[in-house]
Amino acid sequence: MKLMAKPEFKVVVAGAGIAGLFMTEKLKRAGIDFTVFEKSDEVGGTWRDNTYPGLFVDVLSRQYEFPFQPNYDWSRKYAPGAEIQTYIKKVASDRGLRRFIRFKEEIVEARFAEDRWHLRTAKGEAVVADVFIAATGFLHKPLYPDISGRNSFAGPAFHSARWDHSIPYPGKRWGVIGGGASGIQITEALAWERCDVTQFIRRAQWVHIRENPRSTLLERLLLRLPLAYRLRQRQLWKLIIQADHWRLKPGPQRDAMEREYKNYLNAIKDPGLRRKLTPDYHLGCTRIPKSDRNYYEAVQQPNVHLEFGRIARILPKGVEMTDGRFRELDVLVYATGFDAHGYMRPMTVTGLNGVTIEEVWKTRIYSYGGIALPQFPNLFMLYGPFSPVNNVPVPLGLEHEIGYIMRLIDIARRRRVTVAPTAAATEKFLARLGSAFPDTVWVGCRNWYSDQQGTPILWPLPQEAHKVFFACVDMEDLQLSPATHMD
Ligand SMILES: Cc1cc2nc3c(=O)[nH]c(=O)nc-3n(C[C@H](O)[C@H](O)[C@H](O)COP(=O)(O)OP(=O)(O)OC[C@H]3O[C@@H](n4cnc5c(N)ncnc54)[C@H](O)[C@@H]3O)c2cc1C
């Protein structure tokens, strides 16, 4: 779809992670006048910030590509994080996307007035846009635990997303706080580096022990043949659809999956340790950490120690558990996750009649389709609340969302209107999702997907339904208002 933009119609995007870059490519192709503001000095978001040892992508590398730029040269089935970042940077350069991005520029305020978005940067610059797109990510604000004495630790201490590469691995006693995906990958990597590492685990996780073979030259060459490439893409698509089912509905597939994961635990020889590492909730309820170098083998090495339970306090020389046990440490890593429900905040966002995002999300976080909100015309989010964060590869989810947003931008521009979902359409969307949750794996345990009411803020329907939802614009769901400044 080629849109001929009027010069005065302007789009601003906040964020140049994969979502912002995907949007950039589409806006560029459409000939729209737009600017991207990125608060950091490089593209990549998650993959720029997370450089910890052991980071690998958890979906197949081939599923983590922009559809407009295949990569035939992934080194492994599941690429290391650094390789994903190299690929993202290459896409930005190859496609000429950098010239649209203003780096080290954070949008701190967005206010809708007189049918346009009035934005303010951290440096105090005012910018006006017809459409504002928040591509600000859902896992980018590090979360630190509320543990007494946290700032008293004498050695280096940092979050997993702020890895300090000046510290050599050997010769140090490492402490890793956190039993989730990052904590497991870091512990495993340090363990095989023969470091002395203690992992502090409050709750055991199900861990996917998987093979991660190198790609062969033949595989790479075959992908370059158009027919072989298309065939491979079709296989991937099938895989994605099949992989969905067990998470969404109970049944034999779910039971078989849980049996498979229990089998992984058999690698642990000591029954006591095996019991402690066996989760007390069903598979899939929390994000499943992926282990490429057998975490369960790693934690049985003599240089690895596991501390289960609650930490009482952090002291200058180490960590004390509530039962009084003390671990002396030299380096402390907080693998304690992210503020998954922050979205574009701390940016202040004010919509119609002075209503703010803080107010509308005060009691529950919601959206229409993960991309828009009633009362916030011409504001679009990429991977906002209820986007598929677990069961659909992110680039694929983005393809659906961005295709739809481009159509809404076209409507806004051609008809000289502002566009927002109606409250009724939003409630209908939420009710549809709400009725699907009880069957899914994400209910019944505490996890970072869920809000304070226990509703998982993700997409609980089949992958295919996501595609269908965004396939065509239902005008009945939208409220269009004249944009008077365009007359
Ligand atoms: C450790 C880790 C591992 C992960 N592994 C996987 C995986 O294996 N598979 C998978 O599918 N997903 C994974 N994810 C999820 C991952 O976040 C998404 O796949 C994807 O990278 C999100 O892209 P994004 O562009 O939406 O957000 P981000 O990558 O978070 O990018 C957001 C960008 O917006 C910028 N920004 C934020 N606020 C502002 C502002 N106000 N003004 C200007 N700029 C702003 C940020 O600096 C950042 O560059 C992982 C996440 C983490 C944290």
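Predicted model: local features only at pLDDT ≥ 70, side-chain atom pairs only at ≥ 80, totals over all residues.
Biologist: Which of the 31 residues around the ligand come nearest?

Modeller: Those are Glu-38, Thr-46, Arg-48, Asp-58 and Tyr-64.

Biologist: Now the nonpolar cores. Which residues touch the most other members of the largest one?

Modeller: As a general idea, nonpolar side chains in soluble globular proteins tend to be buried together. Here the largest nonpolar core has 142 residues, and Leu-277 and Ile-409 touch the most other members. Helix H11, residues 394-415, supplies the largest share of this core, 10 residues. Leaving out residues up to four places away in sequence, Ile-409 touches Phe-9, Met-23, Leu-27, Ile-32, Val-131, Ile-133 and Phe-380. Another core, of 11 residues, lies apart from the largest one and includes Phe-153, Phe-200, Met-321 and Tyr-334.

Biologist: How do I read a sheet, and in what order do the strands S4, S5, S6 and S18 stand?

Modeller: The order is S6-S5-S4-S18, in an open sheet of 4 strands with mixed pairing. Strand S6 (126-129) and strand S18 (348-350) each have a single partner strand, so one side of each has no neighbour in the sheet. On average, neighbouring strands here are turned by 20 degrees against each other, direction ignored.

Biologist: How many bridges join S4 to S5?

Modeller: There are 6 bridges between S4 (residues 107-113) and S5 (residues 116-121), and the two strands run antiparallel.

Biologist: Why is strand S20 described as largely enclosed by the rest of the structure?

Modeller: Look at burial along the strand. In S20 (residues 417-421), 5 of the 5 residues are buried, so the strand is largely enclosed by the rest of the structure. Val-417, Val-419 and Pro-421 point one way, Thr-418 and Ala-420 point the other way, and all are buried.

Biologist: Which strand is joined to S20 by 5 bridges?

Modeller: That is strand S21 (residues 478-482), which runs antiparallel to S20. The bridge partner of Val-419 in S21 is Leu-480.

Key:
Residues numbered from 1 in each chain as written. Heavy atoms only, no water. Pairing = 2+ DSSP bridges. Axes fitted to C-alpha atoms, helices over the stretch in contact; angles between N-to-C directions. Core = buried A, V, L, I, M, F, W, Y, C linked by side-chain atoms within 4.5 Å. Buried < 20%, exposed > 50% of the residue type's maximum accessible area, 1.4 Å probe, protein only. Contact = heavy atoms within 4.5 Å. Near = heavy atom within 4 Å.
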